[in-house]
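Take a moment with the sequence and the fold before reading on.

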Amino acid sequence: MAGKRAFIFLGPPGAGKGTQAKRIAKQLGVPHLSTGDMMRDAVARGTELGKIVGPIMQAGQLVSDDLVMKMVEQRLKQPDCEAGCLFDGFPRTLPQAEGLDKILERGGFGKPVVVDLAVSDDKLLRRLTGRRTCSVGGEIYNVYDAPSKVEGVCDNDGGKLVQRADDRAEVVNQRLAAYHRQTKPLADYYRQQGVLQEVDASVSVDEVSRALGEIVKRAEGR
Ligand code: AP5
């Protein structure tokens, strides 16, 4: 990858950030850093962090900026982030975005490439309530639109498919409210810096991947 670059996928819950980040991070050869995945892992392992963030996530609220920033800063010190990384679900508040700017500057990164994956709320409920995730490799499915070949079993590694605790309809509404209140304003923050690109993420997974692939190519000057 040309230069040391951070890619940021913004967008509401269910926009397809995780689905696309898995593909694009592979293409870029950089790690996919999902703050949601990191915290779900902490919850599953029963760590101190997991005990704090578990109930907050289950209620569909955002975890405090302080905890999130510490976790991200630690992760960025790992050698696999030396060439860059792709953030999924981070930053999510203005203080997180401002904190990340400082970290990137200190770390010698260029300006981030920020992509807003836009989908209207009415499509998101179906995507989220239908989502199933492999408990082994993290592959993402959807019982309505992208089912596994055998119900409940991952096509890739045979892992059990599970539903996230925060994908129940009542929690999804809280998550959408938190998104509109705290995260949506970040599009303006990055637009003002001249680094925001928007992608229509309401179309098929492959079409979204193609649009993102073009953005990545342009960012790398290919
Ligand atoms: P997090 O894990 O980040 O969840 P999220 O942002 O709510 O996003 P999702 O993972 O739900 O959706 P996605 O956009 O990745 O969609 P996906 O690709 O899976 O956060 C969870 C919680 O952790 C937060 O509520 C908060 O508590 C905490 N948290 C995390 N980060 C934080 C931070 N920085 N600060 C504070 N708190 C934080 O796709 C969804 C479904 O749609 C799948 O079934 C998929 O198959 C399907 N799909 C995807 N693309 C398409 C398409 N184009 N067409 C049709 N279906 C599609």
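Start with how helices are named: helices (H or I, at least four residues) and strands (E, at least two) are DSSP runs, numbered from the N terminus. Axes are lines fitted to C-alpha atoms, for helices over the stretch in contact, and angles run from 0 to 180 degrees between N-to-C directions. This is a predicted model: local features need pLDDT of at least 70, side-chain atom pairs count only at pLDDT 80 or more, and totals for chains, interfaces and linings use all residues. Residues are numbered from 1 along each chain as its sequence is written, and side-chain values use heavy atoms, with hydrogens and water left out.

Two packed helices are described by the angle between their axes and the distance between the axes. Look at helix H7 (residues 169–183) and helix H8 (residues 185–192). Their axes come within 6 Å and cross at roughly 35 degrees. Which residues make the contact? From H7 come His180, Arg181, Gln182 and Thr183; from H8 come Pro185, Leu186 and Ala187. Contact here means heavy atoms within 4.5 Å. By class, these residues are three nonpolar, three polar and one charged. The classes are simple: Ala, Val, Leu, Ile, Met, Phe, Trp, Tyr, Cys and Pro count as nonpolar, Asp, Glu, Lys and Arg as charged, and the others, Gly among them, as polar.

Now step back. The protein has nine helices and eight strands. Its radius of gyration is 17 Å, close to the 17 Å that the globule rule gives for 222 residues, so the protein is as compact as a globular protein of that length. That radius is taken over C-alpha atoms, and the globule rule is 2.2 Å times the number of residues to the power 0.38. The C-alpha trace spans about 45 × 40 × 35 Å along its principal axes.

Next, the sheets. Strands of a sheet pair through backbone hydrogen bonds, either parallel or antiparallel. Two strands pair if DSSP finds at least two bridges between them.

Strand E1 (residues 5–10) and strand E3 (residues 84–88) run parallel and are joined by five bridges. Phe7 stands opposite Leu86 in E3. Helices pack on the sheet too.

Follow the chain on from E3. Pro91 is found in the loop between E3 and H5. A cis peptide bond joins Phe90 and Pro91, with omega about -5 degrees.

The other sheet to find is an open one of three strands, E6-E5-E7, with antiparallel pairing. Strand E6 (140–142) and strand E7 (161–162) are at the edges. Each has a single partner strand, so one side of each is left without a neighbour in the sheet. Three bridges join E5 to E6, and two join strand E5 (residues 131–134) to E7. Thr133 stands opposite Ile140 in E6, and its bridge partner in E7 is Val162. Cys134 has Leu161 as its bridge partner in E7. The hairpin of E5 and E6 has five residues between the strands, and there Gly138 takes a positive phi near 85 degrees. Helix H6 (residues 121–129) lies across E5 and E6, at about 40 degrees to E5.

Finally, the spaces. On a 1 Å grid over the protein atoms alone, a cavity is a set of points where a 1.4 Å probe fits but cannot get out, and a pocket is an open set with protein on both sides within 12 Å along at least five of seven lines; lining residues have an atom within 4 Å of a point. Grid points are joined across faces, edges and corners, and a volume is the space filled by probe spheres set on the points. How many cavities of 30 Å³ or more does the whole structure have? The search finds one. Lining the largest cavity are Leu10, Gly11, Asp116, Tyr179, Thr183, Lys184 and Ala187.
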